[in-house]
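Here is a set of questions and answers on one protein chain. Take a look at the sequence and the fold first.

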Amino acid sequence: MFFGLLRRRKKEPSRPADPLAAFDQLIGNLERQAAEVRKSAATLLALKADLVRAEERYARRLLELTSRRATAKERGDAQAVRVLEKDQAQAEDLLAGTRDALERAESDGRLLLEAASELGDRVVELRRERESASARLTVGGLVTDALRERVARFDQALVVDAARDEIERAHALADIYREEKSLED
């Protein structure tokens, strides 16, 4: 029963009240994500360079082992041939594994670079949209202020019209009293 009280609850990210702040927050998040993707792509490119060097090293080793095995065969050294065949098989496996890893690193690198490009495009698009929203909010604020002034003037006009009506009623009432007074006299 008390265990639930001791657990810390994760804070939900606060939602900004200002729509422009929401744009800024989203743009910031996308920029951080794009930076992480580019960092991962750079890591894969460095790995790719290491794998290319390893592929060259294993290819040279395989050629060397093939040459040494041929020499051992010519000399008739069966035990050396068996050992060199095992070494050659291991080198072939290492070379194949390196080539597979290199292909995967290349495809993953391309994929990450495409993702970084898409995120960059999305950030540019959101920046444009933010600028448009900023302009619309500014114009909307100006229109709202103008409408408030217009409503205030309209309210003043209504007050003036009501005052005019009241004055007309007072004049009409005065006219009625004048007529009654003149009839009485």
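**Helices, cores and distances**

Q: Is Glu149 buried or exposed?
A: This is a predicted model, where local features need pLDDT of at least 70, side-chain atom pairs count only at pLDDT 80 or more, and totals for chains, interfaces and linings use all residues. Residues are numbered from 1 along each chain as its sequence is written, and side-chain values use heavy atoms, with hydrogens and water left out. Buried means under 20% relative accessible area, exposed over 50%, and partly exposed in between, with a 1.4 Å probe and protein chains only. Glu149 has 52% relative accessibility, so Glu149 counts as exposed.

Q: Which helix holds Glu149, and what distance separates its C-alpha atom from that of Leu84?
A: Helices are DSSP runs of H or I, at least four residues, numbered from the N terminus. Glu149 sits in helix H3. Along the chain, Glu149 and Leu84 are 65 residues apart, and their C-alpha atoms are separated by 95 Å.

Q: How are H2 and H3 oriented to each other?
A: Axes are lines fitted to C-alpha atoms, for helices over the stretch in contact, and angles run from 0 to 180 degrees between N-to-C directions. H2 and H3 pack at about 165°, with axes 6 Å apart. Angles over 145 degrees count as roughly antiparallel, under 35 as roughly parallel, 65 to 115 as roughly perpendicular and the rest as oblique. H2 and H3 are therefore roughly antiparallel.

Q: Which residues does Ile27 contact, leaving aside neighbours within four places in sequence?
A: Contact means heavy atoms within 4.5 Å. Ile27 is one of the residues of the largest core. Its contacts are Val123, Leu126, Arg127 and Arg130.

Q: Is Thr98 buried or exposed?
A: Thr98 lies in helix H3. Beyond four places in sequence, Thr98 touches Leu51, Ala54, Glu55 and Tyr58. With a relative accessible area of 8%, Thr98 is buried.

Q: How far apart in space are Arg53 and Thr98, C-alpha to C-alpha?
A: Arg53 lies in helix H2. At 46% relative accessibility, Arg53 counts as partly exposed. Arg53 and Thr98 are 45 residues apart in sequence, and in space 9.8 Å.

Definitions and conventions: A nonpolar core is a set of buried Ala, Val, Leu, Ile, Met, Phe, Trp, Tyr and Cys residues joined through side-chain atoms within 4.5 Å. Helices (H or I, at least four residues) and strands (E, at least two) are DSSP runs, numbered from the N terminus.
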